[in-house]
Amino acid sequence: MNGFELTDEQAAFVEAVRDFSARECGTRAQRDALTGGGEHPHNEELYAKVADLGWLGVAIAEEYGGSGGGMVDLCLFLEAMSYGQLPIGGFAVTAISAGPYEKFGTPEQKEDVLRGIVNGKVEAIAMSEPEAGSDVGALRCKAERQNGSYVINGQKTWISEAHFAEHILLVCRTDASGAKHDGLSMIQIPRGAEGMEIRGIETMGGRVVNDVFFEDVEVPAENLVGVEGGAWMQLMAGLNSERLIIAAQSLGFAQRAFDDALAYVKERKQFGRPIGSFQALSHRIADLATELQCARLLTYAVARKVDANPGQLFPQEASMAKLKVTETAKKIALEGMQMMGGYGYATEYDMEGHVRLNLVSTIYGGTSEIQREIIAKTHGL
Ligand SMILES: Cc1cc2nc3c(=O)[nH]c(=O)nc-3n(C[C@H](O)[C@H](O)[C@H](O)COP(=O)(O)OP(=O)(O)OC[C@H]3O[C@@H](n4cnc5c(N)ncnc54)[C@H](O)[C@@H]3O)c2cc1C
């Protein structure tokens, strides 16, 4: 139920992703085996299988081996894979990292990175620092030009999938003399670069994020992606897709949490009847279903707008989609836990995992407060 008609090809694609997920990780035992009990949300062997199916290139141009689809196709894949709980957590950040290469990369960088993604390589992007979170422009990790190279020093934090990414797309400072948003550049750091140290950060959600330290890391000047000093503009150019990618992924998580809660309230009996027959719960389910459908309609409406207007920025709409879907997903998971009583809180059921997963989506990729700031700005505030 996407709120608009899918083409036959899109419907078949979604069906295929759903079937694959049900086969590969439809049971809790399968998911635990693939993720080490939830510790590792990205399974490399499974990712390779998904690559073989050609799905990782859903929105990558055909000249790099992809299927050449648009944002709607990418959103359909993200929604279906997260609904299916496919442990391929590296895909979303890979899709986000692809954007700057597609728009600003050299032909060689595109060939390397975009074809690599289609073939199952994971990519990471590093903006955040201990003192620069929401205020990305305050970042200090610096790169200095020296004899045809960049020499990098500094620290990044919260970097998703850096520990197995093929490259980290580093957003760093190449010039500190001007305004804070000027003088930022994107530089590609290959896996295993000398002087780069990656340390995992313990979180509630398993092994996903990392601190990354750079000490005199030297890369050739050709590793610059786009224009020196142009990273801020390049980041802005990617906001449509970054926000929609997170929204579509959260939509799948939200639908999964909703379906699990619904199944539970239909089955669990108290006072001699299914708890879902109590109006207190059935009306909550009705409200959540309505919220979820609003979130879905918004996501696909924005995705269609992006597809219909390539190159145009939709800061208001993209922020609205990210805000609405992630807040809805968080609400559904928390309500789901409440409706499942003690069993919602127990790790034996998936709901507590849904809560952890959905709580953080309103933080990464720009917090809800930052999305509201952007939306307010587009209203002249
Ligand atoms: C699981 C996870 C994965 C991540 N992956 C990546 C990644 O791959 N690459 C990467 O670069 N970063 C990544 N991040 C970092 C993420 O983007 C930041 O955590 C996020 O931007 C918020 O920054 P912060 O944590 O420093 O919080 P802060 O910026 O310190 O914010 C703290 C609180 O203050 C609020 N706040 C801040 N400024 C304002 C304001 N102007 N108005 C109103 N409220 C404000 C925030 O909304 C928040 O509630 C990840 C984070 C997490 C948790």
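The centres of domain 1 and domain 2, taken over C-alpha atoms, are separated by 28 Å. Five residues from domain 1 and four residues from domain 2 make up the contact. On the side of domain 1 that touches domain 2, one residue is nonpolar, three are polar and one is charged. The model is a predicted one. In the division of the protein chain, domain 1 covers residues 8-88, domain 2 covers 125-228 and domain 3 covers 238-377.

Ala16 belongs to helix H1, which spans residues 8-25. With 13 other C-beta atoms within 10 Å, Ala16 is partly exposed, because a count of 20 or more is needed for a buried residue and one of 12 or fewer for an exposed residue. Ala16 and Val122 lie 106 residues apart along the chain, and 22 Å separate their C-alpha atoms.

Strand S5 (residues 184-190) is mostly covered, with six of its seven residues buried. S5 is paired with S4 in the antiparallel sense, and seven bridges connect the two strands. In this pairing Ile168 is placed opposite Ile189 of S5. S5 is also joined to strand S8 (residues 224-225), again in an antiparallel arrangement, by two bridges. Here Met186 stands opposite Val225 of S8.

For Gln85 the angle is about 55°, and for Trp158 it is about 65°. Gln85 is located in the loop that connects helix H4 (71-83) and helix H5 (90-104). Trp158 is located in the loop between strand S3 (149-156) and strand S4 (167-173). Gln85 has 25 other C-beta atoms within 10 Å and is therefore buried. Trp158 is likewise buried, with 20 other C-beta atoms within 10 Å; the count for Trp158 is enough because the cut-off for a buried residue is 20 or more.

In soluble globular proteins, nonpolar side chains tend to be buried together. The largest nonpolar core of the model comprises 105 residues, and Ala126 and Leu244 have the most contacts inside it. Helix H8 (residues 239-267) supplies the largest share of this core, 13 residues. When residues up to four places away in sequence are left out, Leu244 touches Met71, Cys75, Thr299, Val302, Ala303, Val306, Ala318 and Ala321.

Definitions and conventions: Residues are numbered from 1 along each chain as its sequence is written. This is a predicted model: local features need pLDDT of at least 70, side-chain atom pairs count only at pLDDT 80 or more; totals for chains, interfaces and linings use all residues. Helices (H or I, at least four residues) and strands (E, at least two) are DSSP runs, numbered from the N terminus. Domain bounds come from an automatic or database domain assignment. Two residues are in contact if their C-beta atoms, placed from the backbone, lie within 7 Å. Ala, Val, Leu, Ile, Met, Phe, Trp, Tyr, Cys and Pro count as nonpolar, Asp, Glu, Lys and Arg as charged, and the others, Gly among them, as polar. Two strands pair if DSSP finds at least two bridges between them. A nonpolar core is a set of buried Ala, Val, Leu, Ile, Met, Phe, Trp, Tyr and Cys residues joined through C-beta atoms within 7 Å.
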